[in-house]
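Here are my notes for a first look at this structure. Please read them with the model open beside you.

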Amino acid sequence: MAMRSIARSILSAVDKVVHFREVHAHCDIPCGIYDPHQAQVAAHTVLRMDMLIADLMKSNPTSADDRNKLVRYIAVKEQHAELVKHEVRVIWGDYAKPENADAKTHELVWSIMKAASKAKQDANIESAKDLLSKVEQFAEWFWKTKKVGTVRAKAPGFPTEAEMVFPKV
Amino acid sequence: MVPALKPGDYILVSTWFRCISTGNMVVFKYPKSGMLLVKRISRINGEEYYVLGDNLPKSQDSREFGWIERRDIIGKVILRI
């Protein structure tokens, strides 16, 4: 060990002068920070936007103010459905590996992509609920791979009054 | 590559080598970025090599980026200090 320590000191000194080439054991930034929470919040937002759209449509909106609201609800729904796709895709693409993901996981991710597109295409609360349910299943898979237990509870304070999967930490 | 290699280790890489076998640690150019990476050869199929990191749960390797070409291999690790 002493010889090795001396060799390292010498190499380190030489390195400062000649700058040896550096090699990496990772091809990307191995930040290791993944969490499905953003996808879950985004899925809740899609549902909330569909609820607001449904409420607004009951009054047969004709004023500029109402139409402005409608456009804003649709825009936010669109953005958050896309955010769901992005967040799930990053976890699936960067974090999922053969050791922690199987055919069921891939099928679930694929179905989330489809459900998010459907939630964009229509203004239907059922489509948003379907997306949310799939995203919550994805969160359960994620925490299971981390060996962290989960609990399903109503998202506190969310007007969607829908369930959310929380890690038991 | 923990435990075989730790961050900051020095390695001696031979660019003169006749053959590469499974189990060898190699330095290669990651085609997407040109970054030099070190991994262990797991499988060989003609001129293509499947590389894995030793720290399997955390490693980013051929399981993610696929097989690497023989021409991208710079050399074989022959000494670690």
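1. A definition comes first. Axes are lines fitted to C-alpha atoms, for helices over the stretch in contact, and angles run from 0 to 180 degrees between N-to-C directions. Keep in mind, too, that this is a predicted model.

2. Start with α3 and α4 of chain A. Helix α3(A) covers residues 64–95 and helix α4(A) covers residues 103–121. Their axes lie 9 Å apart, at an angle of about 170°. Angles over 145 degrees count as roughly antiparallel, and α3(A) and α4(A) are therefore roughly antiparallel to each other. The crossing of α3(A) past α4(A) is left-handed.

3. Which residues make the contact of α3(A) with α4(A)? From α3(A) come A:Lys77, A:Glu78, A:Ala81, A:Glu82, A:Val84, A:Lys85, A:Val88, A:Arg89 and A:Trp92. They meet A:His106, A:Val109, A:Ile112, A:Met113, A:Ala116, A:Ser117, A:Ala119 and A:Lys120 of α4(A). By class, this contact has 9 nonpolar, 2 polar and 6 charged residues.

4. Next, α3(A) with α5(A). Their axes come within 12 Å and cross at roughly 25°. That makes α3(A) roughly parallel to α5(A). Here too the crossing is left-handed. On the α3(A) side, the contact uses A:Val84, A:Val88, A:Ile91, A:Trp92 and A:Tyr95. On the α5(A) side are A:Leu131, A:Val135, A:Phe138, A:Trp141, A:Phe142 and A:Thr145. The classes are 10 nonpolar, 1 polar and no charged residues.

5. Now the largest nonpolar core. It holds 29 residues. Which of them touch the most other members? They are A:Val84, A:Val88, A:Ile112, A:Leu131, A:Phe138 and A:Trp141. In chain A, α2 (37–58), α3, α4 and α5 (125–145) each supply at least two residues of this core. The largest share, 8 residues, comes from α5(A).

6. Look at A:Val88 in particular. A:Val88 is on the α3(A) side of the contact with α4(A), and it also takes part in the contact with α5(A). Leaving out residues up to four places away in sequence, A:Val88 touches A:Ala39, A:Val109, A:Ile112, A:Met113 and A:Phe138.

7. A second, separate core has 12 residues. Among them are B:Phe17, B:Ile20, B:Tyr30 and B:Val51.

8. B:Val51 sits in strand β4 (residues 48–52) of chain B. Is B:Val51 buried or exposed? B:Val51 has a relative accessible area of 0%, so it is buried. Not counting residues up to four places away in sequence, its contacts are B:Val26, B:Phe28, B:Lys39, B:Arg40, B:Ile41, B:Ser42, B:Asp61, B:Ser62, B:Phe65 and B:Ile68. Check one distance as well: the C-alpha atoms of B:Val51 and B:Arg63 are 8.2 Å apart, with the two residues 12 residues apart along the chain.

9. Check the backbone at A:His19. A:His19 is not a glycine, yet its phi is positive, at about 55°. A:His19 lies in the loop between α1 (2–18) and α2 of chain A. With 57% relative accessibility, A:His19 counts as exposed.

10. Last, A:Lys147. A:Lys147 also has a positive phi of about 55°, although it is not a glycine. Where is A:Lys147? A:Lys147 is in the loop between α5 and β1 (150–154) of chain A. A:Lys147 counts as exposed, at 78% relative accessibility.

Key. Residues are numbered from 1 along each chain as its sequence is written. Chains are lettered from A and ligands numbered from 1 in the order in which they are written. This is a predicted model: local features need pLDDT of at least 70, side-chain atom pairs count only at pLDDT 80 or more; totals for chains, interfaces and linings use all residues. Side-chain values use heavy atoms; hydrogens and water are left out. Helices (H or I, at least four residues) and strands (E, at least two) are DSSP runs, numbered from the N terminus. Angles under 35 degrees count as roughly parallel, over 145 as roughly antiparallel, 65 to 115 as roughly perpendicular and the rest as oblique. A crossing is left-handed if the near helix is turned anticlockwise from the far one by less than a right angle, and right-handed if clockwise. Contact means heavy atoms within 4.5 Å. Ala, Val, Leu, Ile, Met, Phe, Trp, Tyr, Cys and Pro count as nonpolar, Asp, Glu, Lys and Arg as charged, and the others, Gly among them, as polar. A nonpolar core is a set of buried Ala, Val, Leu, Ile, Met, Phe, Trp, Tyr and Cys residues joined through side-chain atoms within 4.5 Å. Buried means under 20% relative accessible area, exposed over 50%, partly exposed in between (1.4 Å probe, protein chains only).
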